[in-house]
Amino acid sequence: MMRFAGRRAIVTGAAGGIGAAIVARLLDEGAEVAAIDRAFGASGERPAPHRVKADLREPTTATSAVAEALRRLGRAADIVIQAAGVYALSPALRVDKEAWDVNQEINLRASFFVAQAAVAGRDERGATREMAIVNISSTAAFRSGTGDAALSYGASKAGLLGLTRGMAAEWARKGVRVNVIAPGVIDTSMLRIMDDPEAGEAWLAARVPLGRPEEIAAVACFLASDEASYVTGATIVVDGGMLCI
C-alpha cells in the first residue's frame, strides 16, 4: 500500500527505536523522508532518507534543522512525526535543574518549535495540502509513582498532551491536524532495563499483555494518512494493554 506516494515527511528522533521504525514505514509506503537526529547509525541501514544531524534541545537549532529538512525535501512537509525524546531519571527529591531541563527541553519544548517551523514553512511555500503532525508522548503521562523515578519525564510527556490539543485547536483552520500517541513500554535502547535481555523480556511479558510493543509506527502512519482526516487533537494510547492492569 502506497498511502504516502508524492508526500514529504519530517521525522525527529529518526536514528533508532520508534523513530527509525516510523521512517522505514513511511519509506515503504512511498513517502520522501527527511530524518532529523543528533546521531545516526551505520550508513548501511536501509534505505537512507535525507539525514539532518541536529540536537533539538535549543529552539534555534530545532528551527534551523526543520529549515534544512525542508530545503532537502524541496517543498513544504505534508507529515511531521516527532519521536525525539530522552528519559532522564531522578527521584523527585533529587531532581536538579539539569535533569528537569533535559526532559522538558527535548520531550516538550522541541516538539513545539519543530512543529512551529514546519507550519511556518508550509505557509511560506503556499502549500494547500493538509498537514498531519503526530507527536509521541508516553503512558508515563498517565501513570507515575511506579518506582522508576520518572517524575520529570512524566511531566514532560503529560505536557505534550496539552500542547497537542492547543496546536490542534489553533491550526485546524490552516488545514493542520495534530495528534499524539502515548506508547507503553517499547523495546528500544532508551529502555535501560534492556541491558539485561532476559529481565527485560520477563518485564515486558508481565506488563504488556498483547506483547506487540513494536506497532507504534503503524498507528503513527494511520494518523498521518488520509484515513484519519477527521482526527485531530486526539490522544491514542498504544500500550498493548499496559494501562489495563
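## Close-up views of a predicted model

**View 1. The whole chain, element by element.** Read along the sequence, the protein chain follows the pattern β-α-β-β-α-β-α-β-α-β-α-α-β. That gives six helices and seven strands to look for in this predicted model. Of the 245 residues in the protein chain, 49% are buried. The chain exposes about 11,400 Å², and carbon and sulfur atoms supply 54% of that area.

**View 2. The open sheet.** Seven strands line up in the order E3-E2-E1-E4-E5-E6-E7, with parallel pairing. Strand E3 (50-53) and strand E7 (235-238) are the edge strands, and each pairs on one side only. On average, neighbouring strands of this sheet are turned by 15° against each other, direction ignored.

**View 3. The pairing of E1 with E2.** Here we zoom in on strand E1 (residues 8-12) and strand E2 (residues 32-37), which run parallel and are joined by five bridges. A handy pair to pick out is Val11 and its bridge partner in E2, Ala35.

**View 4. Two helices against the sheet.** Helix H3 (residues 97-124) lies across E1, strand E4 (79-82), strand E5 (131-136) and strand E6 (176-183). The direction of H3 runs at about 175° to E4. Helix H4 (residues 151-171) also packs on the sheet, where it touches E5, E6 and E7. The direction of H4 makes about 165° with that of E6. Do look for E5 and E6 in this view: H3 lies across both strands, and H4 touches both of them.

Note on methods:
Residues are numbered from 1 along each chain as its sequence is written. This is a predicted model: local features need pLDDT of at least 70, side-chain atom pairs count only at pLDDT 80 or more; totals for chains, interfaces and linings use all residues. Side-chain values use heavy atoms; hydrogens and water are left out. Helices (H or I, at least four residues) and strands (E, at least two) are DSSP runs, numbered from the N terminus. Buried means under 20% relative accessible area, exposed over 50%, partly exposed in between (1.4 Å probe, protein chains only). Accessible areas come from the Shrake-Rupley method with a 1.4 Å probe; for residues, only the protein chains shown count as cover. Two strands pair if DSSP finds at least two bridges between them. Axes are lines fitted to C-alpha atoms, for helices over the stretch in contact, and angles run from 0 to 180 degrees between N-to-C directions. Contact means heavy atoms within 4.5 Å.
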